[in-house]
Amino acid sequence: MALTIYGSPRSRTMRTLWAAAELGLTYEHVPLVWDDPWLKSPQFLALNPAGSIPTIVDDGAALSESMAINLYLAKMYGSAGAHPLYPSEGEAQVWRWSLWAQGHLEPWLQQDGRLAAVRAAAGREIDALVQASLSTLDRALAGRGWLAADHFTIADLNVAGVLSPSRAMTFGLAEHGAVEAWLARCYERPAARATRERFAT
Ligand SMILES: N[C@@H](CCC(=O)N[C@@H](CS)C(=O)NCC(=O)O)C(=O)O
């Protein structure tokens with residue numbers, strides 16, 4: 001296996017770096033930032049026509065989109081063992097929560113500078129959408145430890161990677177106790193701590 005991960009840890013690439021740590025993968029890291037002109041070079045566009053990060057190349061095959069990358073890595077390298085990151089039982093729930101995170105959480109939380117005007121125009125509407133999604137997550141987590149199985153899986157990582165402690169701090173989780181406790185459990189994991197320390201985020 002020869003894996004290259006393109007993307008700065010101060011981007012959505014952080015969730016892929018965390019997944020790689022959970023899986024114990026070794027990789028070459030190319031920490032391109034979101035506005036690096038090389039992302040729009042013919043060489044990089046051949047890897048990812050969107051010219052965005054994260055992008056990976058694994059044994060010569062390129063893949064982009066953070067959720068797809070994490071699902072691929074987890075399925076390829078994390079399907080075995082007693083508590084697999086990619087569980088065979090619960091696979092559909094892994095897809096469901098990963099897609100939910102990108103469809104129903106990330107659009108309201110992302111801090112993309114180019115969307116500043118859109119966010120300003122939307123005003124408090126976005127707060128209501130964040131709260132509605134957090135209520136969904138809170139209800140799903142009530143009485144259970146993890147989203148897709150009886151142990152931590154890539155579904156938890158993908159949703160927690162979108163939410164993140166720093167984003168959670170901006171709106172608070174006091175009214176969503178199950179989410180607050182689950183997010184703490186996710187980020188207390190050794191691989192999460194090691195990744196954050198390694199990349200100092
Ligand atoms: N849906 C994509 C979004 C990727 C994305 O927009 N990444 C940002 C950095 S976090 C980026 O590369 N922006 C530069 C651009 O799109 O030109 C994913 O989850 O990977």
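Trainee: What makes the crossing of H3 and H7 right-handed?

Mentor: In this predicted model, the crossing of H3 and H7 is right-handed because a crossing takes that name if the near helix is turned clockwise from the far one by less than a right angle.

Trainee: Why are H3 and H7 called roughly antiparallel?

Mentor: Helix H3 (residues 66–77) and helix H7 (residues 154–163) pack at an angle of about 155°, and their axes are 10 Å apart. Angles over 145 degrees count as roughly antiparallel; H3 and H7 are therefore given that description.

Trainee: Which residues make the contact, and how do they divide by class?

Mentor: H3 contributes Met67, Asn70, Leu71 and Ala74, while H7 contributes Ile154, Leu157 and Asn158. Five residues in the contact of H3 with H7 are nonpolar, two are polar and none is charged.

Trainee: What makes H7 count as mostly covered?

Mentor: A residue is buried if 20 or more other C-beta atoms lie within 10 Å of its own, and 10 of the 10 residues of H7 are buried. Among them are Asp156, Val159, Gly161 and Leu163.

Trainee: Against which helices do the buried residues of H7 pack?

Mentor: They pack against H1, H3, helix H4 (91–109), helix H8 (165–171) and helix H9 (177–187). Just after H7, Ser164 has a positive phi of about 60°.

Trainee: What is the handedness of the crossing of H1 and H10, and which residues make the contact?

Mentor: The crossing of H1 and H10 is right-handed. Leu17, Trp18, Ala21 and Glu22 of H1 meet Ala191, Ala192, Ala194 and Thr195 of H10. By class, this contact of H1 with H10 has six nonpolar residues, one polar and one charged.

Trainee: Which residues surround the ligand, and how does the shell divide by class?

Mentor: The ligand is surrounded by Ser11, Arg12, Trp34, Leu39, Gly51, Ser52, Ile53, Pro54, Glu65, Ser66 and Met67. The shell around the ligand has five nonpolar, four polar and two charged residues. Arg and Glu count as charged, and the residues around the ligand include Arg12 and Glu65. Met67, one of the residues around the ligand, is also one of the H3 residues in the contact with H7.

Key. Residues are numbered from 1 along each chain as its sequence is written. This is a predicted model: local features need pLDDT of at least 70, side-chain atom pairs count only at pLDDT 80 or more; totals for chains, interfaces and linings use all residues. A residue is near a molecule or strand if its C-beta atom, placed from the backbone, lies within 6 Å of it. Axes are lines fitted to C-alpha atoms, for helices over the stretch in contact, and angles run from 0 to 180 degrees between N-to-C directions. Helices (H or I, at least four residues) and strands (E, at least two) are DSSP runs, numbered from the N terminus. Angles under 35 degrees count as roughly parallel, over 145 as roughly antiparallel, 65 to 115 as roughly perpendicular and the rest as oblique. Two residues are in contact if their C-beta atoms, placed from the backbone, lie within 7 Å. A residue is buried if 20 or more other C-beta atoms lie within 10 Å of its own, exposed if 12 or fewer, and partly exposed in between; C-beta atoms are placed from the backbone.
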